[in-house]
Amino acid sequence: MPSRRYVQGWGALSLAVGAVLVTTAAAQDPAPGRAAVAAAPGPALLTVGTCSVTGGLCRVPRTTVSLDAPAPVELPGVATGPVDLALRTPGRLTDVTVTDRRGRRIAGRAGGDGTRWTSDVPLPAGGAYTARLVLEEDRPGGVRRRILRLAVRTAKAPEGERLTVAFGPGEGAPGRTYGVGQPITAQLSHPVPAAEPGARRIVERALEVRSEPRAEGAWHWVDSDTLHYRPRVYWPSGATVRVRSGLDGARVTDRLHGGRSRPLTFTTGSRVEAVTDVAAHEMRVYRDGRLLRVIPVTTGKPGFRTRVGTKVVLGKEPMVRMRGDSIGIARGSREFYDLKVRWATRVTWSGEYLHAAPWSLDAQGSEDVSHGCTGMSTEAARWLFRTVREGDLVRVVHGYGEPMTPFGNGYGDWNLGWPDWLRGSALGVRPARPGSAGSPLRPAL
């Protein structure tokens with residue numbers, strides 16, 4: 001049985017199959033040195049059935065079809081797993097290609113002896129598929145090759161709750177550009193708890209991410225209804241990233257089936273990285289590895305230390321009002337403040353910014369006097385504001401603050417090493433092909 005169970009861009013679902021086998025050719029393809037056989041081959045039998053979602057033997061009942069008879073075949077009951085084709089008479093399936101009505105290929109695997117082919121996951125509901133099978137049979141004096149076709153139609157998913165996905169960042173407007181550190185988010189309309197690992201695998205395999213140029217990446221379950229996707233290293237500069245859900249029609253659980261979701265497309269710009277060295281009281285800004293500018297800064301003082309680690313630009317505000325009570329400083333206390341701040345670049349939801357701080361010019365470059373933000377001159381803050389975009393990287397090094405958390409206060413995803421990131425995947429392994437959350441739609445035999 002195959003260890004992978006996915007179809008790129010598709011998910012698991014309930015299946016009722018109606019099949020018609022048609023012999024489309026009886027072309028001879030003799031092996032070298034062997035004569036072709038003119039006599040018609042004897043009957044060849046194929047069984048069609050389904051397997052369990054989690055593996056093991058394929059379920060019964062199975063329907064046996066004569067490859068020489070074009071009579072329609074229907075499988076009784078509701079299929080819960082991948083479709084399995086098994087040859088029951090002597091011969092070999094030397095090639096199996098399964099396509100949907102749009103001509104996209106469905107992934108599957110062949111048995112080692114060439115007598116079985118199994119799709120990686122159940123076919124989506126409400127679809128029509130065609131299997132092209134090449135059968136070779138040993139005959140006296142030569143090898144007979146036959147090309148056969150199997151038409152399959154799957155039933156519509158039953159009415160009930162639909163699992164949809166909202167992708168981020170932004171609204172998914174084509175052409176919008178983000179920094180190379182921008183993670184992809186997937187917000188599910190219904191929770192899929194960790195206690196249902198099979199359902200999580202179905203969901204994760206159906207969420208397709210492709211980038212050009214390619215970038216190895218993986219999904220990570222943040223909680224029961226949120227996933228993040230990031231590359232192993234940052235996105236390539238100038239990449240086009242496309243995200244889509246293949247959950248429509250997929251059977252996720254007995255009560256939950258996939259619905260349609262809007263895809264997401266965005267591009268990445270240059271690799272822009274702002275690195276704040278707390279000990280040196282300076283920020284160095286790079287574009288594609290080239291140093292653009294060194295800026296004197298001040299960061300969080302004792303009791304209000306700036307978080308260390310890698311952050312991602314969340315947004316930019318030309319003017320923002322900052323108040324001490326927003327971070328727990330009581331009104332009337334010596335530390336309370338209420339300021340209108342210019343050229344503010346946001347890096348956490350809790351209110352950490354890189355911004356103009358004209359009141360601390362004397363301290364910039366020499367000491368830490370802020371309440372956690374990174375302050376600089378008005379001119380430098382305006383330049384930085386115009387240089388960075390959402391998704392660009394902000395790193396704080398050689399500091400004394402708490403580490404930036406991976407989730408919940410902005411995008412701290414890059415603070416997890418790759419092995420730890422993969423541990424948050426329901427699939428438990430690295431994707432098989434760089435630039436994709438799963439394998440491409442292609443035949444496996």
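Student: Hi! Which residues form a positive surface patch here?
Tutor: Arg287, Arg290, Lys316 and Arg389 form that patch. Patch residues have over 30% relative accessible area and no salt bridge, with like charges joined within 9 Å. A salt bridge here is a side-chain nitrogen of Lys or Arg within 4 Å of a carboxyl oxygen of Asp or Glu.

Student: What kind of model is this?
Tutor: It's a predicted model, where local features need pLDDT of at least 70 and side-chain atom pairs count only at pLDDT 80 or more, while totals for chains, interfaces and linings use all residues. Residues are numbered from 1 along each chain as its sequence is written, and side-chain values use heavy atoms, leaving out hydrogens and water.

Student: Back to Lys316: where does it lie?
Tutor: Lys316 is in strand 25, residues 315-323; strands are DSSP runs of E with at least two residues, numbered from the N terminus. Lys316 has a relative accessible area of 34%, so it is partly exposed (buried means under 20%, exposed over 50%, partly exposed in between, with a 1.4 Å probe and protein chains only).

Student: And Val272, buried or exposed?
Tutor: Val272 is buried, at 3% relative accessible area. Val272 belongs to strand 21, residues 272-277.

Student: New topic: why is strand 16 largely enclosed?
Tutor: Because 5 of its 7 residues (217-223) are buried.

Student: Which way do strand 16 and strand 17 run, parallel or antiparallel?
Tutor: Antiparallel, with 6 bridges joining strand 16 to strand 17, residues 226-231; pairing takes at least two DSSP bridges. The two form a hairpin with 2 residues between them.

Student: What's the bridge partner of Trp221?
Tutor: That's Leu227, in strand 17.

Note on methods:
Helices (H or I, at least four residues) and strands (E, at least two) are DSSP runs, numbered from the N terminus. Patches are made of residues with over 30% relative accessible area and no salt bridge: like charges are joined within 9 Å, nonpolar side chains (Val, Leu, Ile, Met, Phe, Trp, Tyr) within 5 Å. Accessible areas come from the Shrake-Rupley method with a 1.4 Å probe; for residues, only the protein chains shown count as cover. Lys and Arg count as positive and Asp and Glu as negative; His and the chain ends are not counted. The place of a charge is taken as NZ of Lys, CZ of Arg, CG of Asp or CD of Glu.
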